[in-house]
Amino acid sequence: MSNKWINYWSKKTIWSSSKLWKKNSIILFNYSNKKFFLKNKKILDIGCGSGELIENILKISNNICGVDISNNYVSTCIKKFAQYKDIKIYLFKKNYDELFKLNKKFDIIFCNSVIQYFSNENQVINLIKSVKKVSKRGTKFLISDIIDKNDKKDYIKFFSYSILRGYFFSLIFQGVVLFFNPKYRKLENEYQLLEVDIKRIKKKIDKLCKKVVILNQPITVNVNRKHLLIEF
Ligand SMILES: C[S@@+](CC[C@H](N)C(=O)[O-])C[C@H]1O[C@@H](n2cnc3c(N)ncnc32)[C@H](O)[C@@H]1O
């Protein structure tokens, strides 16, 4: 199932450089910087995409590693960050289960808007186990934009945040782009985004981690989604 998504993300997509996605990265960066003080931290971005979050982090730290399964995104990022010798970008085939191959430990690890393209919850657990191997005591791992199967979509909240935060028109524009490019919607119907039971995941990983918190705050543009903040 996930291979279809991997094929989709391996080519140029309607999300790559969209204004909405840029705004999303700014919102996530602002939240994370306040919470984790990213300055001079060693940072890993799992499923880094076109490097939007990395571009924001670059303002205060250039010790960043990005990994993705998409050839297209990895080569985009390699070109984009070629002038920064401390930014490393790596291609992983199929999944992120062998992060230990990076041979490095990180302070803060992100994985934003990625796990909905996994096939099942076990892959999420495998990701967390893999992340543990590149973590040290106190490393924080934020898995953001999780679709919890027990949640209901609140469209009023969705649109009111877009007005409050100033991305209403980008949201509408992206909706129109989505409408005229049915490929993503078609895949979404065929393969469906992974909805997880976030409380069950928390229970399964509690013993692996020092602390696991489920966040309900709107730290991305997908304000109806949840997030897992893990400390090792
Ligand atoms: C919505 S984009 C998010 C990109 C980036 N994290 C951001 O916030 O801008 C989803 C990312 O997940 C990666 N991805 C998609 N399906 C995947 C899968 N099955 N396994 C691993 N990564 C996947 C894609 O290559 C893409 O970079």
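1. What you're looking at is a predicted model, where local features need pLDDT of at least 70, side-chain atom pairs count only at pLDDT 80 or more, and totals for chains, interfaces and linings use all residues. Residue numbers start from 1 along each chain, following the sequence as written.

2. Start with the sheet. Seven strands make an open sheet with mixed pairing, in the order S3-S2-S1-S4-S5-S7-S6. Strand S3 (87-91) and strand S6 (211-215) sit at the edges, so to speak: each pairs on one side only. From one strand to the next, the twist averages 15 degrees. Two strands count as paired if DSSP finds at least two bridges between them. Angles run from 0 to 180 degrees between N-to-C directions, with axes fitted as lines to C-alpha atoms (for helices, over the stretch in contact).

3. Now walk along the parallel pairs. Strand S1 (residues 43-46) and strand S4 (residues 106-112) run parallel and are joined by three bridges. Ile43 has Ile108 of S4 as its bridge partner, while Leu44 is partnered by Ile109 of S4. S4 also runs parallel to S5, with six bridges joining the two. Across that pairing, Phe106 stands opposite Ser135 in S5.

4. S5 and S7 run antiparallel, joined by five bridges. Phe141 has Ile230 of S7 as a bridge partner. S7 pairs with S6 in the antiparallel sense too, over five bridges.

5. How enclosed is S4 by the rest of the structure? Six of its seven residues are buried, so S4 is largely enclosed. "Buried" means 20 or more other C-beta atoms within 10 Å of the residue's own, "exposed" means 12 or fewer, and "partly exposed" is in between, with C-beta atoms placed from the backbone.

6. The largest nonpolar core has 49 residues, and Ile46, Ile109 and Ile115 have the most contacts inside it. S4 gives the most to this core, with five residues. A nonpolar core is a set of buried Ala, Val, Leu, Ile, Met, Phe, Trp, Tyr and Cys residues joined through C-beta atoms within 7 Å.

7. Have a click on Ile109. Leaving out residues up to four places away in sequence, Ile109 touches Leu44, Ile46, Val131, Ser135, Thr139 and Phe141. Touching, or contact, means C-beta atoms placed from the backbone that lie within 7 Å.

8. Which residues of H5 are buried? They are Val124, Leu127, Ile128 and Val131. Those four cover an arc of only 95 degrees around the axis, so they lie on the same side of H5; the arc is taken from the directions that run from the helix axis to the C-beta atoms. The general rule is that an α-helix has 3.6 residues a turn, so residues three or four places apart point the same way. The buried residues of H5 pack against S4, S5, H9 and S7.

9. After H6 comes Gly166, which has a positive phi, near 80 degrees.

10. As a rule, most residues other than glycine have a negative phi. Lys94 is not a glycine, yet its phi is positive, near 75 degrees. Asn103 isn't a glycine either, and its phi is positive at about 60 degrees. Lys94 lies in the loop between S3 and S4, and Asn103 has its place in the loop between S3 and S4. Lys94 is exposed, because 10 other C-beta atoms lie within 10 Å. Asn103 is exposed because it has 7 within 10 Å.

11. Last stop: Tyr191, in helix H8 (residues 183-191). Is Tyr191 buried, exposed or partly exposed? It is partly exposed, because 16 other C-beta atoms lie within 10 Å. Tyr191 and Ser119 are 72 residues apart along the chain, while their C-alpha atoms are separated by 9.0 Å.

Key. Two residues are in contact if their C-beta atoms, placed from the backbone, lie within 7 Å.
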